[in-house]
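Please have the sequence and the structure open as you read.

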Amino acid sequence: MTTGPAIGRCCCGKVEVTLLEGMPKSGTHCHCKNCRTTSGGVGIYFFVLPSSAFSVKGQDELCSYTDLDTASGKPMQRSYCRTCFSTIGVVVPGRPMGIICGGLFPAESLPPPGVELFTAECAPWYRLHEGAAHFEGMPPK
Ligand SMILES: [Zn+2]
Ligand SMILES: [Zn+2]
């Protein structure tokens, strides 16, 4: 793994995210319907981090969608670059935790997933990562 901060950018470059403690050792791949539809892919690969562990340059360039149809029932504010609509994650100022999408970072820097969520909703041809913990929905509390 690399040392030092890891820098990720949206497609147009107006939003820049810095992981202050460097790239995490693993990520989470979520296959839920809302991650698929909001990203346009087969899921979202992301890092769940304390807000103190990342900074967002270009906060004014973000727009957001408040997702009310969540497994937890709590609204989730999904953030996007308002110019290129890259999915940034969940970055609400003042919240203790955030979610940063792995796709913002160079592919070769991405660690393998440690967890895959909502595997029951995953595309049938997708191969779950062997080294990850798999959950059909959210992990049990
Ligand atoms: Zn952008
Ligand atoms: Zn999801």
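Two strands count as paired if DSSP finds at least two bridges between them. With that cut-off, β10 and β11 (residues 133-134) qualify as a parallel pair, joined by two bridges. Within that pair, E116 has H134 in β11 as its bridge partner. The model is predicted.

**Annotated domain**
- A UniProt annotation from an unreviewed entry, "domain: CENP-V/GFA", spans residues 6-119.
- Strand makes up 43% of the chain over residues 6-119, and helix 6%.
- The end C-alpha atoms of this stretch lie 28 Å apart.

**The open sheet β1-β2-β5**
- Which strands make up the open sheet, and in what order? Three strands form it, ordered β1-β2-β5, with antiparallel pairing.
- β1 (6-9) and β5 (54-57) are the edge strands. Each has a single partner strand, so one side of each lacks a neighbour in the sheet.
- Neighbouring strands of this sheet are turned by 20° against each other on average, ignoring direction.

**β1 against β2**
- Four bridges link β1 and β2 in the antiparallel sense.
- G8 sits opposite V17 in β2.
- The hairpin of β1 and β2 has six residues between its strands. In this hairpin, G13 adopts a positive phi near 90°.

**β2 against β5**
- β2 (residues 16-19) runs antiparallel to β5, and four bridges join them.
- T18 faces S55 across this pairing.
- L19 is opposite F54, also in β5.

**The two faces of β2**
- In a regular strand, side chains alternate between the two faces of the sheet.
- Which residues of β2 lie on the covered face, and which on the uncovered one? V17 and L19 are on the covered face. E16 and T18 are on the uncovered face.

**Parallel pairings of β10**
- β3 (residues 27-30) pairs with β10 (residues 113-117) in the parallel sense, over four bridges.
- T28 is placed opposite V115 in β10.
- β10 also pairs with β11, again in the parallel sense. The E116 to H134 bridge belongs to this pairing.

Conventions: Residues are numbered from 1 along each chain as its sequence is written. Chains are lettered from A and ligands numbered from 1 in the order in which they are written. This is a predicted model: local features need pLDDT of at least 70, side-chain atom pairs count only at pLDDT 80 or more; totals for chains, interfaces and linings use all residues. UniProt positions are given in the numbering used here, feature names are shortened, and annotations may be inferred rather than shown by experiment. Axes are lines fitted to C-alpha atoms, for helices over the stretch in contact, and angles run from 0 to 180 degrees between N-to-C directions. A residue is buried if 20 or more other C-beta atoms lie within 10 Å of its own, exposed if 12 or fewer, and partly exposed in between; C-beta atoms are placed from the backbone.
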